[in-house]
Amino acid sequence: MENKKAYIITGPTSGIGYETALDLAKNGTVILVGRNKEKLQQVEKTIKQNGQNAVSVVCDISDITSVRAAAQQIIELNLSIAGLLNNAGIMPSKATKSKQGFDMTYATNHLGAFALTEALTPHLVDGANVVFIASAIEDPERKPAKAMGMKGGRYISAEASAKGEWKEGGAKMPGIDAYATSKQCILASAMAFARETPRLHFNAVEPGITRGTNLGGESTNAVVRFIFGHLMAILPPFSKYSSTPKKAAKVITGILTDTSGKTGVYFDEKGQPMQGSAQVRDTNFQDRIVSETRALLAKVK
């Protein structure tokens with residue numbers, strides 16, 4: 001019998017996203033959302049060659065108008081959407097701006113994922129799973145992050161983040177404060193969404209230190225690429241948290257297809273519940289992030 005379920009995944013053309021798209025295709029139609037039409041079509045072709053089904057939707061997740069157009073295109077597919085994976089993410093060392101003039105890291109990792117989720121939430125079937133790829137870098141007390149001189153999320157306000165402004169006293173490594181703050185915001189949002197909409201299940205995943213992804217590939221800083229792409233995955237104490245795209249994909253696919261009703265859970269690289277930073281666990285902070293993000297996005301016409 002044909003499987004009528006569908007799963008949306010952003011950033012499916014490489015790394016964790018690619019492996020997860022292949023895994024998800026075993027469970028239903030995969031809606032591939034990404035910037036590069038040719039790369040999307042290649043993934044779609046691979047899935048169809050396996051006798052499974054996929055649909056490509058071109059979208060720049062950092063561009064809010066593109067996200068809204070993609071959401072409408074997905075809705076018009078009239079598929080029974082059982083899951084959404086907000087996977088697309090960047091960690092450049094050099095700050096740039098999105099089409100709306102927002103900090104590119106904040107726009108990609110938080111605003112785009114937030115806007116896509118908000119646009120699709122009314123159209124997801126009851127019990128659907130929405131998963132966000134988070135990062136333990138948002139937690140200033142996380143031991144591997146502390147060892148690297150990272151200071152956690154540096155949130156001031158949504159408006160300040162959109163301008164690329166972070167709380168003083170952050171990390172010396174370029175781009176880390178933007179990345180940590182964007183992940184702090186999307187993790188807090190996931191927890192707030194779980195409380196707001198019990199009809200659906202909202203969870204987040206820390207995929208671990210994963211070799212073989214393109215994270216940091218946007219950076220011109222070869223040192224950052226080497227540290228995150230290779231060194232941290234093999235050296236103690238970081239190796240304890242290491243993973244691979246295939247391992248991460250199995251964890252994520254398990255959460256996206258889970259039917260036990262778990263919601264508001266933050267999972268680690270092994271699929272076990274973990275805690276975010278004290279600030280992210282604060283429901284007042286979660287609600288503030290959601291409220292300020294909605295106000296910011298409402299200005300984008």
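Predicted model: local features only at pLDDT ≥ 70, side-chain atom pairs only at ≥ 80, totals over all residues.
**Helices and burial: a chat**

Trainee: Why is helix 4 called roughly perpendicular to helix 11?

Mentor: Angles of 65 to 115 degrees count as roughly perpendicular. The crossing angle here is roughly 85°, so helix 4 is roughly perpendicular to helix 11.

Trainee: Which residues in helix 4 and helix 11 meet?

Mentor: From helix 4 you've got Tyr106, His110, Leu111, Phe114, Ala115 and Glu118, and they meet Ile289, Val290, Thr293, Arg294, Leu296 and Leu297 in helix 11. Sorted by class, that contact has eight nonpolar, two polar and two charged residues.

Trainee: Okay, on to Thr181 in helix 7 (residues 176-196). What makes Thr181 count as buried?

Mentor: Buried means under 20% relative accessible area. Thr181 has 0% relative accessibility, so Thr181 counts as buried. Skipping residues up to four places away in sequence, Thr181 touches Gly153, Arg154, Tyr155, Ser161 and Trp166.

Trainee: Where does Leu79 lie, and what is Leu79 in contact with?

Mentor: Look in the loop between helix 3 (64-76) and strand 4 (80-86). Leaving out neighbours within four places in sequence, Leu79 contacts Ala6, Thr29 and Ile31. Also, the C-alpha atoms of Leu79 and Tyr7 are separated by 9.3 Å, with the two residues 72 residues apart along the chain.

Note on methods
Residues numbered from 1 in each chain as written. Heavy atoms only, no water. Axes fitted to C-alpha atoms, helices over the stretch in contact; angles between N-to-C directions. Helix = DSSP H or I, 4+ residues; strand = E, 2+ residues; numbered from the N terminus. Parallel < 35°, antiparallel > 145°, perpendicular 65-115°, else oblique. Contact = heavy atoms within 4.5 Å. Nonpolar A, V, L, I, M, F, W, Y, C, P; charged D, E, K, R; others polar. Buried < 20%, exposed > 50% of the residue type's maximum accessible area, 1.4 Å probe, protein only.
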